[in-house]
Amino acid sequence: MSPVSAPGHDVSVAPLGLAGELCVPPQARALVVFAHGSGSGFQSPRNRQVAEYLHGEGFATLLFDLLLPEESGDPRKMFDPMLLSDRLMGALDWAATVPGLGALPVGLFGASTGAAAALVTAARAPDRVGAIVARGGRPDLVLAVLALVRVPTLLLVGGADAEVLELNRRALIRFGGPVALEVIPGAHHLFEEPGALDQVARRAGGWFRQHLCSGGQTP
């Protein structure tokens, strides 16, 4: 794994005051905003592991809670891609006001239902999102909008996560832009197997370098 380039600091993402953590390494090349899956939050060790790798690659990261504490156990909100997309849009608005972030290209990293929210956000705001990586994502929850997703999208699915893998394969033909499906051999839905998240991080970093950074080269 690449070393962390800068410490993160706690933030409150307007307008709802959603709790999060922002890390901006020196000479950040782009910003990656994370959208976690249902039942998780910005402290998710899986997303934090990926974020730490991206820091070492020169990416700023924003991890934040998509729901308020009192909403976190409400399945109607946990599984509402449009509501979660609204929260992502709010985070993009907030990040644009942070000195040093407003001019950076933006990528979205979504996990499970958070990936569905990322896809909706890219469909709604194609001029604000440059690339998406989905880990164990659920594009089947937002099939109606996939034709509007024109930004380069990488779907990462565990080879042992048979149901989600099939759902992602079926969704491929629905995308309106470049899309790739890559399988992490032997990994289940949470990518807890040794080395699985390392592979996710490396492939996500490569995708964001290619599609967010000019020429995909390290400065």
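Author: Exposed means a relative accessible area over 50%, and buried means under 20%. The model is a predicted one.

Helix α5 covers residues 162-171. Which of its residues are exposed on the face turned away from the buried side? They are Ala162, Glu163 and Arg170. The buried residues of α5 are Val164, Leu165, Leu167, Asn168 and Ala171. Viewed down the axis of α5, these buried residues stay within an arc of 160°, so they line one face of the helix. The general rule is simple: an α-helix has 3.6 residues a turn, so residues three or four places apart point the same way. What covers the buried residues of α5? The cover includes two strands, β7 at 153-158 and β8 at 179-184.

Serine 112 sits between β5 (106-111) and α4 (113-124). Is serine 112 buried or exposed? Its relative accessibility is 17%, so serine 112 counts as buried. Set aside the neighbours within four places in sequence. Serine 112 then contacts Gly37, Arg135, Gly136, Gly137, Arg138 and His189.

Now a helix pair. Two packed helices are described by the angle between their axes and the distance between the axes. For α1 (residues 45-56) and α6 (residues 196-212), the axes come within 9 Å and cross at roughly 50°. That angle makes α1 oblique to α6. The crossing of α1 past α6 is right-handed. Which residues meet there? From α1 come Arg46, Gln49, Val50, Tyr53 and Leu54. Their partners in α6 are Leu197, Asp198, Val200, Ala201, Arg202, Gly205, Phe208 and Arg209.

Last, the cysteines. How many disulfides are there? The count is 0. Cysteine 23 is in no disulfide, and the nearest cysteine sulfur to it belongs to cysteine 213, 15 Å away. A disulfide needs the two sulfur atoms within 2.5 Å. The sulfur of cysteine 213 is therefore too far from that of cysteine 23 for a bond, at 15 Å. Cysteine 23 counts as buried, at 1% relative accessibility. Cysteine 213 is buried too, with a relative accessible area of 10%.

Back to the part you asked about. In short, α5 has buried residues that line one face, and the face turned away from them carries exposed residues.

Methods:
Residues numbered from 1 in each chain as written. Predicted model: local features only at pLDDT ≥ 70, side-chain atom pairs only at ≥ 80, totals over all residues. Heavy atoms only, no water. Buried < 20%, exposed > 50% of the residue type's maximum accessible area, 1.4 Å probe, protein only. Helix = DSSP H or I, 4+ residues; strand = E, 2+ residues; numbered from the N terminus. Arc of directions from axis to C-beta. Contact = heavy atoms within 4.5 Å. Axes fitted to C-alpha atoms, helices over the stretch in contact; angles between N-to-C directions. Parallel < 35°, antiparallel > 145°, perpendicular 65-115°, else oblique. Left-handed = near helix turned anticlockwise from the far one by under 90°.
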